[in-house]
Amino acid sequence: MGQLNSFAQFTGYKVYDKIAYGRTNAIYFNVRFLNFGAQAQVFAFVKSGSGGDLGKINAYLKENCKQYKTGGAQSDGRAVSFVINSMTRVKPENAARIIDDFSRFLTDKGYRSTCAFCDQNNNVGHTAQNGLVLETCETCHEKFSGIVNDIQQERDTTGSYAKGAAGAVLGGILGIIPWVLFYFAGLISALSGLVMAFFCYKGYVLFKGKRGKGMLVIIIAVLVVFTYVSVLANQCITEYQYYAALGYDVDIGALFSTILAAPFMPAEFETGLLWGQIGSGLFFAGLGSFFFLRKVRKESTGQDVAVKRIGRDLYS
Ligand SMILES: [Zn+2]
């Protein structure tokens, strides 16, 4: 049995789209397993209003879950979240026990879960949204769906792919700088790939690119082109330094434009070697930006705002 299902059995939670959700004592939780089961991310739906409380929660986690390094709880106003870490695999029964203890701690502190948007505690159902399952009353669910539909409609009718592409290209140009700096600092290019993907995305959004299926395609295309440019920029600087050390006066602009075309000139250059470097650059760019691009894909298909009412089971 999978980790998540086994966890759901220990707790009596339900499972929807890789999330286990349910109540332990008076606290409503969402739990998902990450990184091949080495981490469990826990969301306790309590509105921690006063800032001091988060400190107390962190102190509790630090004291009581030492072996799982669970410090660093965060609150987004809706839920307090933290991560249970394991060197290998978080045991479902351990996660269940931690949550049981934690729910007691919270109820002792006077916390009770209510609808994610208001203080209602009766007749709450479930709303799935952006990877979480919220407890919501019918009224708030309707309001929330309305807002989300407005956002979706606005996305469908505003922005343009051309503007977005221009912004992504600008982001790609900026992304060359960290790529080159990281390369000469001897850092892995997965990090460069992530930074470049982030710049392309930011550029796309700032230039009011259209949120649609083309968004991901544009960002990936720009990422591929500028990974190519960045790898060859490193090559160009290496060669420039080489010639400069020999005392030649090199026009770096001319050198760069030659090198940019070099992978397509097998008669003059070692194209196999260059393509090898470009290939490894692309590999690392893909590796570094994989999870980030998944987020972009969700955004481009509207999955990040899509709202779904699931289950009508009610707590009394
Ligand atoms: Zn409500």
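**Reading helix and strand packing**

Guide: α6 and α9 are oblique to each other, where angles under 35 degrees count as roughly parallel, over 145 as roughly antiparallel, 65 to 115 as roughly perpendicular and the rest as oblique. Helices (H or I, at least four residues) and strands (E, at least two) are DSSP runs, numbered from the N terminus. The model is predicted: local features need pLDDT of at least 70, side-chain atom pairs count only at pLDDT 80 or more, and totals for chains, interfaces and linings use all residues. Residues are numbered from 1 along each chain as its sequence is written.

Visitor: At what angle do α6 and α9 pack, and how far apart are their axes?

Guide: Two packed helices are described by the angle between their axes and the distance between the axes. Helix α6 (residues 189-206) packs on helix α9 (residues 271-300) at about 45°, and their axes are 7 Å apart. Axes are lines fitted to C-alpha atoms, for helices over the stretch in contact, and angles run from 0 to 180 degrees between N-to-C directions.

Visitor: Which residues make the contact of α6 with α9?

Guide: Two residues are in contact if their C-beta atoms, placed from the backbone, lie within 7 Å. Among them are Leu-191, Leu-194 and Phe-198 of α6, and Phe-284, Leu-287 and Phe-292 of α9. The contact residues comprise 13 nonpolar, seven polar and no charged; Ala, Val, Leu, Ile, Met, Phe, Trp, Tyr, Cys and Pro count as nonpolar, Asp, Glu, Lys and Arg as charged, and the others, Gly among them, as polar.

Visitor: How is α7 placed against α9?

Guide: Helix α7 (residues 213-245) meets α9 at an angle of about 160°, with axes 10 Å apart. α7 is therefore roughly antiparallel to α9. Their contact includes Ile-219, Leu-223 and Val-231 of α7, together with Ile-278, Leu-282 and Arg-297 of α9. Here the division is 13 nonpolar, six polar and two charged.

Visitor: What is the order of the strands in the open sheet?

Guide: Two strands pair if DSSP finds at least two bridges between them. The open sheet has three strands in the order β8-β7-β9, with antiparallel pairing. β8 (132-137) and β9 (307-310) stand at the edges with a single partner strand each, so one side of each has no neighbour in the sheet. Strand β7 (residues 124-129) pairs with β9 over four bridges, and Ala-128 has Lys-308 of β9 as its bridge partner.

Visitor: Which helix lies across these strands?

Guide: Helix α4 (residues 138-157) lies across β7, β8 and β9, and runs at about 125° to β8.
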